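Colleague: I have a model open on my screen and would like to go through it with you. Could you take my questions one at a time?

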Amino acid sequence: MKFQGFAEIQQQELFLRHNQGLSQLITIPGLQNGDLIQVCTRATEIVAATLEVERVGIWFYNRAKTSIRCCDLYESNLDRHSQGTELSVASYPIYFQALATEQAIIADDVNNHPSTQEFREDYFQPQNIASTLDAPIIHQGELVGVVCTEKLATPRQWQSQDLNLVISVGLVVSLCLETQSRMSVLNKLRDSQQMLQLVIDNIPQAIFWKDKNLVYQGCNQTFALDAGLKSVAEIVGKTDYDLPWTKAEADCYRENDRRIISTKIPEYHIIEPQLQAGNKQAWVDTSKIPLNNREGEVIGILGTYEDITERKQAEENLQKNNQKLEQRVAERTQELSRINQLLQLVMDNIPQAIFWKDTNLVYQGCNQSFAIDAGCQSPAEIVGKTDYDLPWKKEETEFYQRCDRRAIESNTPLYHIIECQTQADGKQAWLDTNKVPLHNEKGEVIGILGTYEDITERQQAELALQQSQARLQTKAQQEELLNQLSHQIRQSLDLEQILTTAVQEIYKQLGVDRCIFSWFHPGNPASWEVVKEAKKPELPSFIGEYPDSLENFNLVERLLQLEVIREDNLAASSETGFRLLYEEWGCRSVILLPIKTIEEDLGVLSFGNYQNQRNWTEGEIELMLGVRDRLAIAIKQAKLYNRAKERAVQLEKALSELSRKKLQLVQAEKMSSLGQMVAGLAHEINNPVSFIHGNLTHLSGYTQDLLDLVALYEQKFPHPGEDIELKIEEIDLEFLREDLLNIVDSIQVGTDRICEIIRSLRTFSRLDEAELKPADIHEGLSSTLLILQHRLKAHGSRPKIEVIKEYGKLPLVDCYPGALNQVFMNLLANAIEAIEEAFTNSELSGNSYRGTIRIRSEVIDRKIVKITIADNGSGISPEAIPQLFDPFFTTKPIGKGTGLGLSISHSIIVDRHGGSLTCKSNLGVGTEFIVQIPLRHPECT
């Protein structure tokens, strides 16, 4: 019974652990946003911990399903994740066939299971795998991968709870893949919605939509402007009563909306008034359609309208005139004949042509002006004819009838139609035509009335004006090109940039096939160098230097005289040289503009056409001469600028060198004075200390002799007398005897320390070693560290700065020892300050920090000594590193640095020792200075 109870407890614990694992699976953070890597990584850890196995992996098929690749493999015994392993499906056909047909592959013993025996030699045995439990991953009904659970060393009998957990992992991964797909669809949908809103906002018509309660759910930018809204988002939640239109207009809009929603029938071209924002009274042509969901239920209404205020006003005016005309005709029916005759007479005397047709576009009448244009003897001949019976061309007739139909069908007048007409006398005329629908008493359209005015002369005048304007515009464009080219050239004084800009701009504006700039190089032989070129892509490049093949042709002499050379047709040129250009280079037309510089150099700006002959106009020649003059000025300025620039660079270099030498002299004098002072102090201190230190040996011996004498007295006279015993007790003879020797030893230690400091000061100042000589680098480093010892010690809450020495075996190095010690002092002092700054920052942030300086020395290639001084201080920003060795540049606060230390150190290493001083730094991590000097100084060799 006890055993049974223990088994039940184990079973319950196993059940709880599995439930906990399932809970952890469904709460993986990456599951909600489709983060497959996070889900796989966390899932393998959960399964390994829950089932207490050593290896859990999640694998996915490639698209062709020819292999599977490991997305994540977690090894719990090593607490390690890995990815990327691939297995070929063709190598293990039985396993992958079973995976595709079975719910899971449960292998308590992998060596004896029929579906897993294929893996024995190349997978199971090398990994010491004994049992596996694999479950497929199904996504959208397709096998996409597998979850593999692997027990090492000893076989395991898998339980149903184990299988459920592994299958759940497959479901969780499938859910993550589904989430990925949905997130991708949502992103595409959001992009599509943004594009749709952009399209809607750019439609000139107003667009809006409402729900079944006639509450606005959206609109485009046009509608928002009419409604006085700052953005389309403000329309959401509003009704027509919240917008600028009148209450009567809002009531009418909503009545129409309810009718369309209830009948489910769209309504088009509703002509209605609208009081818009800014108190503008407009007329709109509105169309509304019901919006249906997938079940066919009406869920709202979509509306569009177009502002037809101008058209409406014209229609109203026309309608009023028609009404007056119809009323007058009704009142004077009896006088119709006389009025018709009078009207015909009036129309015949009107200079404009008048005609009218029925709805079949058959002429019913015209005036005398129209009859003459149509080639009729009298207006009566027009009756019964169509436009196809008249002199106009077929395309003119088709255009007239299209306009007629549009006016009749839309019941809308058409005004100021500019059209051409071939008249009876063969004249090609331009007309300004108006066409108005004709109505009967019922308001029905029964035909069309047309009038036109011959505007041929006006059109010709406008054409002449346009041509004149085009010429003026061309002239203005040429002036603009000159101004633009001058402006662009002035922006740069670089000769290369000036030539590039000139060639490119001229090529674009003139539309030539090729534009090049060449320099003529006199000599024997003479040559031409093409330096800049702009050309059509299909033409070969001429960039390069060419011998003067035209030396027998006086081209150079003419160009040196600044003669502009122009040829419209090189093939037919009377000069041999120009025909040679055509035969060798394929050029058909060319212009050569010579430019002479202040150095008397000859440059030539060339324009050429290669595909077609071009007759150069005087305007183009004038433009090119203007370009030549401006380019010549720019070249002259660039040449003068280059001269001044070269001289400025030389002067700046001289001033920089002078400043650097001055700094070196000042610092050398400063360090020399400091060295003399330090050496003097060391000498003055050394004399009395040497006297004390030299007598300490005798003092120690004398003290010991006195103490021995006192001890001998105590032996011989154990009872010296009461007054002596009182004195012994008063002076505490035992303590005095013990402490006296300690005092002598302390004095000995103190004088040793003072002597050591004096030696370090003398070593650092090295007044006796100012010249080039072999020196021990490590000795210089040690003396510098000893001088800085007080700054390395703990101060306040800052702990002691640890100095790690990684010294290699260095021979004596040819150097200037005093100057080199100055470099070490600057670098170590900077490292201490960086550590103190980092410690202050760590205190403010509450982090623990301990400063470290690491000094490493080594010999490279048996000829270079490398000293590395690294700290874990505050570091230097990347922007400051390029200026680090510039004079007076410092990263320290004002008053805490001169900006000379690193500059002088760089000069000492580079100039005096022929070495290098470089810096590597990461802000917030630390800085490393690398000093490299030759083992043998060049002066010594």
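Modeller: Happy to, and let us begin with Ala 130, which is buried at a relative accessible area of 7%; buried means under 20%, exposed over 50% and partly exposed in between, with a 1.4 Å probe and protein chains only. Bear in mind that this is a predicted model, where local features need pLDDT of at least 70, side-chain atom pairs count only at pLDDT 80 or more, and totals for chains, interfaces and linings use all residues. Residues are numbered from 1 along each chain as its sequence is written, and side-chain values use heavy atoms, leaving out hydrogens and water.

Colleague: Thanks! Which residues does Ala 130 touch, not counting those up to four places away in sequence?

Modeller: Contact means heavy atoms within 4.5 Å. Ala 130 lies in strand E6 (residues 129-139), strands being DSSP runs of E with at least two residues, and helices runs of H or I with at least four, numbered from the N terminus. The residues it touches are Asp 108, Asp 109, Val 110, Lys 151, Leu 152, Ala 153, Thr 154 and Pro 155.

Colleague: How far apart are the C-alpha atoms of Ala 130 and Asp 108?

Modeller: Asp 108 is one of the residues that Ala 130 touches. Along the chain the two are 22 residues apart, and their C-alpha atoms are separated by 7.6 Å.

Colleague: Now to helix H2: what span does it reach from its first C-alpha to its last?

Modeller: H2 covers residues 36-51, 16 residues in total. The expected span is 1.5 Å times one less than the number of residues. That expectation is 22 Å, and the helix comes close to it, reaching 22 Å.

Colleague: Which residue just after H2 takes a positive phi?

Modeller: The helix has Leu 51 among its buried residues. Just after H2, a positive phi of about 55° is found at Glu 52.
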